[in-house]
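Hello,

Here is the structure I promised to pass on to you. Have a look at it first, and then read on for what turned up in it.

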Amino acid sequence: MPELPEVESVRIGLAGHVLGRTIEGVCVYRPYSIRHTPGGAEEFQDELMGATFAEVARRGKFLWFILDAPEGTGRALALVVHLGMSGQLRVHSDTESGPGSHTRVRLTLGGASPMILDFVDQRTFGYMTVDELVLTTDGGPGGVGTQLPALPARAAHIARDLTDPLLDLAATAERMKSRRSPVKAVLLDQGMAAGVGNIYADEALWRARINGGTRADRIALPRLIALLEAGREVMTEALAQGGTSFDALYVNVNGESGYFSRSLNVYGRAGDPCPRCGEPIRREAFANRSSHFCPRCQRRK
């Protein structure tokens, strides 16, 4: 599943291609991909036709395009995108080409050189929908890519990004310490700090020398802060390398793959020697996922 660095790489690519463009065509090829739009394809098309992409923002794994709607609508709206397991947003200038086999929604964007924005989703867990903007509870920007103190109602329940300087790491660590769940599960809770997924949780836990199965309330507060700092570091490094790609299901808007997978220390490396101590990396099942860790560096307590 695309995590924060992958989704942010997509956001950056989109910002360089679609801002200021007006939506001149909307085609929905699979209604399930707009399942959160009550009125279906007709409502989806009516909300988008004639709107202009003013900004593209992100919080956690949610992307949204802030819309400058035609005059007279009187509503602050955003086109919200969640990539799910395999979603991609692909831009290209071939307006005569037909949709690919996994293209679920196509937007035609006007301009001196018209452009196509395709939502491609092989596994169909992702979606697009139009949502109203609501004010942030702390008065800060809604997400990366905007200064507007608002975000889609659909994303209002998630916390600020772990990489967001407005996220108070000490306060977040205190909240984590109040939980009796395994610390990895707490780290994955998007209401705690958004954007952390399975890959970067394993990498952060390895850097902090913490076993993900240890209960959060049994970990000293300074170590929890160090864990959050490690997560911030690993995701910042991953973003600099375009995210992590293992196959063609994650690519950016130009179809290019990220290469942070070459820098992973534990995730996907079961049986390989730990880069720190040489002990073979172990893989265990964890909540319908896999956890990768060093049994020597990350002893369970």
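What volume does the largest cavity have? About 30 Å³. Please keep in mind throughout that this is a predicted model.

The structure holds one cavity of 30 Å³ or more. The residues lining the largest cavity are Leu 162, Leu 187, Val 196, Tyr 200, Ala 201, Ala 204, Gly 231 and Met 235. Helix 5 and helix 6 (221–240) each supply at least two residues of that lining, and the largest share, three residues, comes from helix 5.

Helix 5 (198–208) turns up again at the second largest pocket, where this helix, strand 10 (282–286) and strand 11 (289–293) each give at least two residues to the lining. That pocket has a volume of about 230 Å³. Its lining counts 15 residues, and Asn 211, Gly 213, Glu 284, Ser 291 and Phe 293 are those that lie nearest the centre.

Four strands form an open sheet in the order 1-6-7-5, with antiparallel pairing. Strand 1 (23–28) and strand 5 (87–92) are at the edges and have a single partner strand each, so one side of each is left without a neighbour in the sheet. From one strand to the next, the twist averages 15°. Helix 2 (residues 40–48) packs on this sheet, where it touches strand 1 and strand 6 (103–109), and the direction of helix 2 makes about 165° with that of strand 1.

Helix 2 deserves a paragraph to itself. Which of its residues are buried? They are Phe 44, Glu 47 and Leu 48. Viewed down the axis of helix 2, these buried residues fall within an arc of 90°, so they line one face of the helix. The exposed residues Glu 42 and Asp 46 sit on the face of helix 2 that is turned away from its buried side. The cover over the buried residues of helix 2 includes strand 1, strand 3 (62–68), strand 4 (77–82), strand 6 and strand 8 (127–135). Just after helix 2 comes Gly 50, with a positive phi of about 85°.

Strand 4, one of the elements in that cover, is also worth a look. Why can strand 4 be called largely enclosed by the rest of the structure? Six of its six residues are buried, so the rest of the structure largely encloses it. Both of its faces are covered: Leu 77, Leu 79 and Val 81 are buried on one side, and Ala 78, Val 80 and His 82 are buried on the other.

Strand 4 also pairs with strands 3 and 8. Its pairing with strand 3 is antiparallel, over five bridges, and here Trp 64 stands opposite Val 80. With strand 8, strand 4 pairs in the antiparallel sense over six bridges, and the bridge partner of His 82 in strand 8 is Tyr 127.

Happy to go through any of this with you.

Best wishes

How values were computed
Residues numbered from 1 in each chain as written. Predicted model: local features only at pLDDT ≥ 70, side-chain atom pairs only at ≥ 80, totals over all residues. Heavy atoms only, no water. Pairing = 2+ DSSP bridges. Axes fitted to C-alpha atoms, helices over the stretch in contact; angles between N-to-C directions. Contact = heavy atoms within 4.5 Å. Buried < 20%, exposed > 50% of the residue type's maximum accessible area, 1.4 Å probe, protein only. Arc of directions from axis to C-beta. 1 Å grid on protein atoms, 1.4 Å probe; cavity = no way out; pocket = protein on both sides within 12 Å on 5 of 7 lines; lining within 4 Å. Points joined across faces, edges and corners; volume = space filled by probe spheres on them.
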